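Here are a few friendly notes to read alongside the model. Keep the 3D view open and find each residue as you go.

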Amino acid sequence: MGLSAQEIKRRKSKKSALETVYKEEVKEMFMLWFKRQKAEAGHVMTKTDVLKNIIKNIDKKQDGVLEAAMNDLKTGGYLETQEDGFTLVLTEKGAKSL
């Protein structure tokens, strides 16, 4: 006995909503780290900082949206990524949002 089209749609919608919540939690973790550092525009979050303060503290569900959360922060203009692809730099917009 298969699932109805309506049930499949409902489950996808619920999964999407949960992913959005997890992504927002991860984004908040990044911005909270900068806030705790009393960061100003140009403040750097190194790969080591990301590992110790973000990746170490996220659960499996949040891990699945880590890249999307970082991309949201970059496309939103809050963070920039240096050439190494790991080092994050707080932008003026990001600093003002703290």
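1. Start with Glu-24, which has a relative accessibility of 40% and therefore counts as partly exposed, since that class lies between the 20% and 50% limits. Keep in mind that you are looking at a predicted model.

2. Which residue does Glu-24 form a salt bridge with? The partner is Lys-27, and the closest N and O atoms of the two are 3.1 Å apart. Both sit in helix 1, and because they are three residues apart there, about one helical turn separates them.

3. Now look at Lys-27 itself: is this residue buried or exposed? Its relative accessible area is 16%, so Lys-27 counts as buried, the limit being under 20%.

4. Lys-27 also meets the side chain of Asp-72 in a salt bridge, with 3.5 Å from N to O. This pair links distant parts of the chain, as Asp-72 belongs to helix 4 and Lys-27 to helix 1, 45 residues apart.

5. Asp-72 has a salt bridge with Lys-23 as well, at 3.1 Å from N to O. Lys-23 lies in helix 1 (residues 5–36) and Asp-72 in helix 4 (residues 66–75), so this pair ties together parts that are 49 residues apart in sequence.

6. How many salt bridges does the structure hold? There are three. Lys-23, Glu-24, Lys-27 and Asp-72 are linked in a network of salt bridges. As a general idea to take away, side chains of opposite charge can pair when their charged atoms come close.

7. Finally, move on to another spot: where is Thr-91 placed? You will find Thr-91 in the loop between strand 3 (88–90) and helix 5 (92–97). Thr-91 counts as buried, because its relative accessibility is 11% and the limit is under 20%. Leaving aside neighbours within four places in sequence, Thr-91 is in contact with Ala-41, and also with Gly-77, Tyr-78, Leu-79 and Glu-80.

Definitions and conventions
Residues are numbered from 1 along each chain as its sequence is written. This is a predicted model: local features need pLDDT of at least 70, side-chain atom pairs count only at pLDDT 80 or more; totals for chains, interfaces and linings use all residues. Side-chain values use heavy atoms; hydrogens and water are left out. A salt bridge is a side-chain nitrogen of Lys or Arg within 4 Å of a carboxyl oxygen of Asp or Glu. Helices (H or I, at least four residues) and strands (E, at least two) are DSSP runs, numbered from the N terminus. Buried means under 20% relative accessible area, exposed over 50%, partly exposed in between (1.4 Å probe, protein chains only). Contact means heavy atoms within 4.5 Å.
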